[in-house]
Amino acid sequence: MPALTRAEAAERARILDVRSYTVDLDLTRGEETFGSTTTIRFTCAEPGATTFLDVKPGRLHRAVLNGRDVDPATWHDGRLPLPALAADNLLHIEADMRYSHTGEGMHRFTDPADGRTYLYSHCFLDEAPRIFAAFDQPDLKAAFHLTVTAPEDWTVLANGTTTRTAPGRWHAAPTPPVSTYLFAVAAGPYHTVRAEHAGLPLGLHCRRSLAPHLDADADEILDITRRCLDRYHEIFDEPYPFDSYDQAFVPEFNPGAMENPGLVTFREEYVFRSAVTDTERQTRGVTIAHEMAHMWFGDLVTMRWWDDLWLNESFAEYMGYRVLAETTRHTGTWTEFAASRKPWGYDADQRPSTHPVAPDDVPDTAAALLNFDGISYAKGASALRQLVALLGDTAFLAGVNDHFARHRFANASLADLLDSLTRASGHDVHAWARAWLRTTGVDTLRAEPAADGTVRVVRDGTRPHRITVATHTRPALPGTPGSTGTTRATVTGTLDDTTPALDLPAPAGTALLLPNAGDLTYAKIRLDPDSWTTATRSLGELPDPLDRALLWTCARDMVRDGELAPADYLDLASRHLPAETDTSVIAGVLAFARGPLADTYLHPETRPRALAGLGAVCLRLLDRTAAAEEGPGGRTGGRTGGRTGRRPDGDTAGVRLSAVRGIVDAALTEEDTARLREWLTDGRVPGGPPLDPELRWRTLLRLCVLGAAGEDDIAAELRRDPSATGHEGADRCRAALPDPAAKDAAWKALFEHDELSNYRLVATAQGFWQPEQADILAARVPHYFPAATEAAARRGAAVAEALGRHAFPAHAVHPDTLAAGEKCLHDGGTVPALRRALADRLDDLSRALDIRTRHPH
């Protein structure tokens, strides 16, 4: 079906004003389709004009415009022509719509744990016409009136509060004007936790089989919800603009969450079935705060077109990290941002597919969908941190509130926001935006000690940067455990065209100069030689976890840029990670070291040694947490113990869990597999945690990869855990077996059959390609590209993105793989979502080949 172009949307918005949608859904018609009746009231500024309606039905039964039938046979490729419009129009559409199993439109899911069925909508970005007929573009906002017929034992949720008016019949309160992509409905035998805050109804919802896990965390989730609501009411003049706040954790959800007003949908992985680290709880909290920010940024005031996506996502990203840190115990959000989230932006911004935070032109909805990446989220949020540093918080918030007041329940553009910020601050924010939001790429900041005792910071790039430089003095950095009395000083300045270098005072005896301390700007950093030497000796001794995160990211960037050998990064991890206490730093380092570094940057012959080293690091982490539990003299140290004596151990259980995950993932030898088999049999780790479902499936997966477990083990584990997550674990394990028959079955499931749902397809893809199995997989690598192209064309954007991201043979770091991929792109025929994913993966592959050339050992 053709993507809606910007020109088409502009023309339709020029002549139409949509007043309301009345939508009636019948969810009782079986497993394949549901009934959808839509009545739209709209005006036309040019009576007699022709336009088109967006609708993607299984079958279009009837269309009536102003009392005249419109021939359903004129429908083509998702569009129904509407001729001879009147000044005031009434359009009535009756259709059958198909359920989805790929997370688009109305997703239908049957829980294997108990056989119950659940539905939820996902209308983003242009999927609303799979549920109801619409003028589907963000700048044609309208009020929604929804009624639903559902099985009598089901609950129905929507954007407005819902009321059961008769057995199986539900009515939702009308909404204020919202965009079609924000329409939301969920239906099924959902388990619900109800609460309220300051008169606002709150609700949490999940599948019944997950009820005990949601109940266990309900107080925490509701506490974060209340605190974030209070904080937004403190900083925003406009009160929460909708009548209720429901949060539904739904199965097989493609994004992390979706900001539907009044009914936020989250991926149900946020209902924790197994142990998690405190950082993972923090990440859930950031997502809650992020989606709540959208109630203002995106829902109350909505972009006119998708080129201003950043008005939604960058602001919500920034606010999510900021507000959670300001209102809850999770004060380390910006450390996780620096350790894991921001590198996502750096990577995206250095690929050929990079784009400005606010592109000048997004020609159609297909192109818009590709921009939901690390640039729109992480880079955009970083740019906003810079803007706040430039304007000051008071002026920034005054501009934001002016923006809300001028455009409430309407649409706005980047220029509108910049006008509000300029009025509030007196700064030329338009000039700032040209430098930050209309350009691509990553600047680099370099710190160098000058002969006169000052610190010189220089900029490789074009953007202005308001930065802080931290200086650490030598007495604080002996490089030995147990050091105390760290001396850290900071100085602040601005780098721009008039000040291309900063000469800042530095205390005597400085051993480490850290540009961008506090992580207030978006730029890679490089240290002077003496500072880098100090960092390699004493990185783990720095008391501030954000400083440590910045240095680890610097080392990561140096590896990716070919300036630091992968083996040297692993040496840093071996020396400093065993003493690390912040689980976001541990997670970031291990994800990079165990993922792209070990699997693609290292030559295959050096990979076993690298995995052995990472396993040893994690064993030392596990060892340390046991000592922390005992504390001095054998007493339990808990959250304040630890052998280093330099700072609290923080999330000891989370460090232990991270260590166990790392040990499992690094297993390779017969000794390793014997250890994992013993853990799986005993159901716990000696000196560590019990093996809950997540750890059991993780352990079994590694054993399957190494040929130390098989189908009987998978079937037994699935009997133990017959949940939806269990079925995904079984799919992942079966695809990972080093057996030609298993590989053939997985290949057909991925590329030839269309039966797997989105989540089970991703699980199968994650299991399929394994570096340890390169020999038996080699013949399949060149066939991936045509197979993925054909499957993506059949199954749509969500599956296309999954096949490009998860099913790509990343382990096959060879010029032939790169050539085959480039030929695929050159030949054409790939749908946009797959084309973008392949382009990014091929760029990663090219980088890996370059790193191997630069560092042959």
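## A loop residue with positive phi

Glu-252 is found in the loop between strands E17 and E18 (strands, E, are DSSP runs of at least two residues, and helices, H or I, of at least four, numbered from the N terminus). Glu-252 is not a glycine, yet has a positive phi of about 55 degrees. Its relative accessibility is 6%, so Glu-252 counts as buried. Buried means under 20% relative accessible area, exposed means over 50%, and partly exposed lies in between, with a 1.4 Å probe and protein chains only.

## Basis of the model

This is a predicted model, in which local features need pLDDT of at least 70, side-chain atom pairs count only at pLDDT 80 or more, and totals for chains, interfaces and linings use all residues. Residues are numbered from 1 along each chain as its sequence is written, and side-chain values use heavy atoms, with hydrogens and water left out.

## The chain as a whole

The chain holds 27 helices and 28 strands. Along the principal axes, the C-alpha atoms fill a box of roughly 85 × 70 × 55 Å.

Of the 857 residues, 60% count as buried. The accessible surface comes to about 30900 Å², and carbon and sulfur atoms contribute 51% of that surface. These areas come from the Shrake-Rupley method with a 1.4 Å probe; for residues, only the protein chains shown count as cover. Among contacts with a separation of 6 or more, 72% are between residues 24 or more positions apart. Contact means heavy atoms within 4.5 Å.

The chain carries 91 positive and 119 negative charges, and their mean positions are 2 Å apart. Lys and Arg count as positive, Asp and Glu as negative; His and the chain ends are not counted. Each charge is placed at NZ of Lys, CZ of Arg, CG of Asp or CD of Glu.

## A five-strand mixed sheet

Five strands form an open sheet with mixed pairing, in the order E15-E16-E17-E19-E18. The edge strands are E15 (191-197) and E18 (257-258), each pairing on one side only. Two strands pair if DSSP finds at least two bridges between them. Strands of a sheet pair through backbone hydrogen bonds, either parallel or antiparallel.

E16 (residues 200-206) and E17 run parallel, joined by four bridges. His-205 stands opposite Ala-248 in E17. E18 pairs with E19 (residues 263-267) in the antiparallel sense, over two bridges. Met-258 stands opposite Thr-265 in E19.

E17 (residues 245-250) is mostly covered, with six of its six residues buried. In a regular strand the side chains alternate between the two faces of the sheet. Tyr-245, Gln-247 and Phe-249 lie on one side of E17, and Asp-246, Ala-248 and Val-250 on the other; all are buried.

## A covered antiparallel pair

E24 (residues 465-473) is mostly covered: eight of its nine residues are buried. E24 pairs with E25 (residues 488-495) in the antiparallel sense, over eight bridges. Ile-467 stands opposite Gly-493 in E25.

## Backbone features in other loops

Phe-124 and Leu-125 are joined by a cis peptide bond, with omega about -10 degrees. Leu-125 is found in the loop between E9 (117-122) and E10 (143-149).

Ala-84 lies in the loop between E6 (79-82) and E7 (88-98). Its phi is near 50 degrees, a positive value in a residue other than glycine. Ala-84 is partly exposed, with a relative accessible area of 43%.

Gln-282 is found in helix H3 (residues 278-294). At 7% relative accessibility, Gln-282 counts as buried. Leaving out residues up to four places away in sequence, Gln-282 touches Leu-324, His-330, Gly-332, Thr-333 and Glu-336.

Thr-789 has its place in helix H24 (residues 781-795). With a relative accessible area of 14%, Thr-789 is buried. Its contacts, again not counting residues up to four places away in sequence, are Cys-824, Gly-829, Thr-830 and Leu-834.
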